[in-house]
Amino acid sequence: HSVALRTNGTVVTWGYTLLGQRNDAPTGAGFVAIACGLHHSVALRTNGTVVTWENFSLGQRNDAPTVAGLVAIACGSRHSVALHTNGTVVTWGDTSLGQCNDVPTGAGFVAIACGLHHSVALRTNGTV
């Protein structure tokens, strides 16, 4: 499946939809970032909260953070990562391969990214 963010802040989806990757997409405007996993997607709202949709069998959806103040999002195959304004990292989803188990603690992170079954976070001092 694929997800796009329009300049007016709305989300558009297309492609594979067996697990609801398209049908459950959020409606309305107010989104500033999007990310796709294998069977789930995440959208970041202007207020710093996230919306997730399908597949929730491994926690990709149900375990999403409910806090505001998120500034960046990324998706791996079956997990997601968010960066908070305070420089901390939040993860949720599948933990079967350690994707969400060894999350770096503390503040001082400025960027995040996900691979298939891993995530990385960049610190203000340039270390990963």
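This is a predicted model: local features need pLDDT of at least 70, side-chain atom pairs count only at pLDDT 80 or more; totals for chains, interfaces and linings use all residues.
Here is a walk through this fold, from its strands to its core, a glycine loop and a surface patch.

Residues are numbered from 1 along each chain as its sequence is written, and side-chain values use heavy atoms, with hydrogens and water left out.

Let's start with the layout. The protein has ten strands and zero helices, where strands (E, at least two residues) and helices (H or I, at least four) are DSSP runs numbered from the N terminus. Read from the N terminus, the elements go β-β-β-β-β-β-β-β-β-β. Of the contacts with a separation of 6 or more, 36% link residues 24 or more positions apart; a contact here means heavy atoms within 4.5 Å.

Now step inside. Of the 128 residues, 41% are buried, that is, under 20% relative accessible area, with exposed meaning over 50% and partly exposed in between (1.4 Å probe, protein chains only). In soluble globular proteins, nonpolar side chains tend to be buried together. The largest nonpolar core here has ten residues, among them Ala 35, Val 42, Leu 44, Ile 73 and Trp 92; such a core is a set of buried Ala, Val, Leu, Ile, Met, Phe, Trp, Tyr and Cys residues joined through side-chain atoms within 4.5 Å. Strands β4 (41–45) and β6 (70–75) each supply at least two of its residues, and β6 gives the most, with three. Leaving aside residues up to four places away in sequence, Val 42 touches a list that includes Ala 35, Val 50, Trp 53, Cys 75 and Trp 92.

Next, have a look at Gly 9, in the loop between β1 (2–5) and β2 (11–14). Gly 9 is buried, at 6% relative accessible area. Beyond residues up to four places away in sequence, Gly 9 touches Gly 28, Ala 29, Gly 30 and Phe 31.

The accessible surface comes to about 6300 Å², 53% of it from carbon and sulfur atoms, using the Shrake-Rupley method with a 1.4 Å probe. Val 110, Val 120, Leu 122 and Val 128 make a nonpolar patch of about 340 Å². Leu 122 sits in β10 (residues 119–123) and counts as partly exposed because its relative accessibility is 31%.

How values were computed:
Patches are made of residues with over 30% relative accessible area and no salt bridge: like charges are joined within 9 Å, nonpolar side chains (Val, Leu, Ile, Met, Phe, Trp, Tyr) within 5 Å. A salt bridge is a side-chain nitrogen of Lys or Arg within 4 Å of a carboxyl oxygen of Asp or Glu.
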